[in-house]
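Have the model open beside you and try each one before reading on.

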Amino acid sequence: MFGTKKKDTPRPLNDSGRSQISETFSLEGTLRTSGAIDIAGLIKGPVFGNDLIIKETGSIIGPVEADKIEIYGHLEGKILAKSIVIGSSGVVKGDILFSESLKTEEGADINGYLKKTESTNMEAAQNEFKLDTIESNTPKEKEKSKKGRPKIVASN
């Protein structure tokens, strides 16, 4: 009637705003985003993003891969990011791999290994960050354990 038809071309995505995951939201699965996201709820599973903020009420249980991450809540899992900030209320239980900067505020609770890495993807960084090189499996200690008396396991 009006003589104009809408074109079937898709609209371009606008990543200018921040997405929000509220305190009442819980997700079990993988979260992927190309934009910025604030997490105040619970995520159980891997998280991949550009700019990530875990609020004081937010929790992630799983690995996180992001360009920039700020943690003021709870994170249990391995982290790989270019830039990491752990606030005074932040709790991290897992290894932290960063390529550019790591900032921790007084009061931050961290339980895991820290390593500056050149890699920006999780698989390559994990290969670079082998925990067995940190553990005490040096040849000298193995030789010491071979020498000497054997342990008595059971006696009558």
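**Exercise 1.** Work out whether arginine 18 is buried, partly exposed or exposed, then find the salt bridge that joins its side chain to aspartate 38.

*Solution.* 
- Step 1: Arginine 18 has a relative accessible area of 34%, so this residue is partly exposed (buried is under 20%, exposed over 50%, partly exposed in between, with a 1.4 Å probe and protein chains only).
- Step 2: Aspartate 38, at 6%, counts as buried.
- Step 3: Their side chains meet in a salt bridge at 2.7 Å, N to O (a side-chain nitrogen of Lys or Arg within 4 Å of a carboxyl oxygen of Asp or Glu).
- Step 4: Arginine 18 belongs to strand E1 (residues 18–21) and aspartate 38 to strand E4 (residues 36–39), 20 residues apart (strands are DSSP runs of at least two residues, numbered from the N terminus).

A word on the source: this is a predicted model, where local features need pLDDT of at least 70, side-chain atom pairs count only at pLDDT 80 or more, and totals for chains, interfaces and linings use all residues. Residues are numbered from 1 along each chain as its sequence is written, and side-chain values use heavy atoms, leaving out hydrogens and water.

**Exercise 2.** Find which strands the salt bridge between aspartate 67 and lysine 82 ties together.

*Solution.* 
- Step 1: The closest N and O atoms of aspartate 67 and lysine 82 are 4.0 Å apart.
- Step 2: Aspartate 67 lies in strand E8 and lysine 82 in strand E10, so the pair ties together parts 15 residues apart in sequence.
- Step 3: E8 and E10 run parallel, joined by 7 bridges.

Methods:
Pairing = 2+ DSSP bridges. Helix = DSSP H or I, 4+ residues; strand = E, 2+ residues; numbered from the N terminus.
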